[in-house]
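Hello,

Here is the structure I said I would pass on. My notes on it follow below.

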Amino acid sequence: MKTASQIADELCASPRDMVSSALRDLRLAYGLPLDAVAQQVGTTKGTLSRIERAESNANVITAIRLARFYETTVEDLFGPLADDEVRS
C-alpha cells in the first residue's frame, strides 16, 4: 500500500517518472528480473534499468515490444501526453 507521501510524489512526477514507475511496477508484479524482461523485448538489462530509473527514454521499438510483452497498448503503458509534454 502506498503512503500519502508516495502518492503526493507521484502526482508531481514528470511523465518520464510515471512511465518508469509503471514499468518497474509491472515487471515486479510479473515477478521477473530485469534481464528476463530485457531478453524478451530484445534490449539490454542496462537499457531497461535506465528506462525504469527515468534516466533514459524507450525508443519506439522497445516501447512497442514492452507493451506487447505486458499485454497492453503503448498508450496504456506510457499514458496519453499533453501536447506540451510531447514537444519537450
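Tyr 30 is partly exposed, with a relative accessible area of 37%. Here buried means under 20% relative accessible area, exposed means over 50%, and partly exposed lies in between (1.4 Å probe, protein chains only). Tyr 70, by contrast, is buried, at 5%.

This is a predicted model, in which local features need pLDDT of at least 70 and side-chain atom pairs count only at pLDDT 80 or more, while totals for chains, interfaces and linings use all residues. Residues are numbered from 1 along each chain as its sequence is written, and side-chain values use heavy atoms, with hydrogens and water left out.

The structure holds 3 aromatic pairs. Rings of Phe, Tyr and Trp (its six-membered ring) pair if their centres lie within 6.5 Å; planes under 30 degrees apart count as stacked, over 60 as edge-to-face, and the rest as tilted. Tyr 30 and Tyr 70 make an edge-to-face pair, 5.1 Å centre to centre with 75° between the planes. Tyr 30 sits in helix H2 (residues 15–30) and Tyr 70 in the loop between helix H5 (60–69) and helix H6 (74–78), so the pair ties together parts that are 40 residues apart in sequence. Along with Phe 69, Tyr 30 and Tyr 70 form one aromatic cluster.

As for the whole protein chain, it has 7 helices and 0 strands. Both are DSSP runs numbered from the N terminus: helices are H or I with at least four residues, strands E with at least two. Of the 88 residues in the protein chain, 24% are buried.

Regards
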